[in-house]
Amino acid sequence: MLNKILFRIFGVFDLIKDFFVTWGIKILLFLFFCMVLHNVVKMSEISSRYTGDYKKLVSVYEEESKMMNVYSYGDGPKTLVILPAFGSQSPVIQYRTLAAGLGDEYRVVIIEYFGYGYSMSMKNHTRTNENIAHEIKTALESYGITGPYVLLPHETSAMYAMYFEQVYPELVQGIISIDGLYPAEINDEYYQLKQKEYVSNVNITGIFELTGFERILSYLREDIFYINEMREMPELFGKEELSVYRNRIGSNYLSRTMIREINKLEDNMKEMANYKYPDYLPVLQLLATDRFKEYENAKKEGLTQIDLTTLANNVVTNSEIQKIEKVQGGEMIQITNPNELIQVIKAFLLTF
């Protein structure tokens, strides 16, 4: 009787083992096939012959033949330079609402950092505040766009805008920060934990990116990439725009340059943790309500001692020309709530 019981138990184990061996190998082979196919397609995308309006490469490191993509739209008395949030696969498409909404009165320029959109990858120059600020300046000059500029940084780029203003003050006419990162957050334990978790998730996701899962995901779950919202604005996001966007998702979901950038985030934040805007500079800090509420709730629960209003006030030196306003929305606010965003920005631009 005991022999029969043991035989059945070990028989079940053998079945489980055979299942995992057989299907495990098949799954690994499938993932390997996906990885090879994805990277073959990716190489063709990187060397894309696309010559539409959204690709204009300019030399930044001439001796290394390294180029960045710059997109310009409209004309007007002020030059607005949009600096994208971390991980934007195609800034020229994702910020098209702002380019179109502001381009009727101003010149709007969208910068694609190295590793973003159609810009090349970057390994030799580390993703420091200094290098990124230099690259922004050089890309604009190579395109033929002279300053001064009104910088429109989104999220992490707020830190780069601060550094840019610090080293090139003569080139900055104003700053409009959209849901901006505050370097002083690095001094808070709650944020430190969030930041470490975020960096860890990006690094892990960057490994899975090798399989090309995001390419398939962009078709199965359009909402994740806000493609469904884009479809509701056909006058801005037509066939070409969605094609460019999907192409860049496939190639730059999380590029190796982006990974290098996020791994420098803590050092970059520490460098700018004590920054304050100069008292002569017009500044508008737009606080997205989703992030504002997150910090508000964390403070009520005793997880943090700071909130976004405090952080925003801490960098203000002249409340007469440096304003703080809340705007409804969160991530990708330029797509989910572009009308309010554009209206608030335009009103502020009229003040200087």
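This is a predicted model: local features need pLDDT of at least 70, side-chain atom pairs count only at pLDDT 80 or more; totals for chains, interfaces and linings use all residues.
Student: How many aromatic pairs does the structure hold, and why is the pair of Tyr71 and Tyr73 called stacked?
Tutor: There are 12 aromatic pairs. The ring centres of Tyr71 and Tyr73 are 6.4 Å apart and their planes are at 25°. Rings of Phe, Tyr and Trp (its six-membered ring) pair if their centres lie within 6.5 Å; planes under 30 degrees apart count as stacked, over 60 as edge-to-face, and the rest as tilted. The pair is therefore stacked.

Student: Is Tyr71 buried or exposed, and what makes Tyr73 count as partly exposed?
Tutor: Buried means under 20% relative accessible area, exposed over 50%, and partly exposed in between (1.4 Å probe, protein chains only). Tyr71 has 6%, so Tyr71 is buried. Tyr73 has 32% relative accessibility and therefore counts as partly exposed.

Student: What makes the pair of Tyr113 and Tyr160 edge-to-face?
Tutor: Their planes are at 90°, with 5.8 Å centre to centre. That angle passes the edge-to-face cut-off already given. The two residues are 47 residues apart, with Tyr113 in the loop between strand E4 (107-112) and helix H4 (129-143), and Tyr160 in helix H5 (residues 157-167). Helices (H or I, at least four residues) and strands (E, at least two) are DSSP runs, numbered from the N terminus. Both Tyr113 and Tyr160 are buried.

Student: How do you know that the charged end of Lys326 sits over the ring of Phe292?
Tutor: The distance from the ring centre is 4.2 Å. A charge sits over a ring if NZ of Lys or CZ of Arg is within 6 Å of the ring centre and within 35 degrees of the ring normal. Arg246 likewise lies over the face of Tyr219, at 4.1 Å from the ring centre.

Student: Which residues of H12 are buried, and how do you know that the span of H12 is close to the expected one?
Tutor: In H12, Thr289, Arg291, Phe292, Tyr295 and Ala298 are buried. The expected span of a helix is 1.5 Å times one less than its number of residues. H12 has 12 residues and reaches 16 Å from its first C-alpha to its last, close to the expected 16 Å. Just after H12, Gly302 has a positive phi of about 80°.

Terms used
Residues are numbered from 1 along each chain as its sequence is written. Side-chain values use heavy atoms; hydrogens and water are left out.
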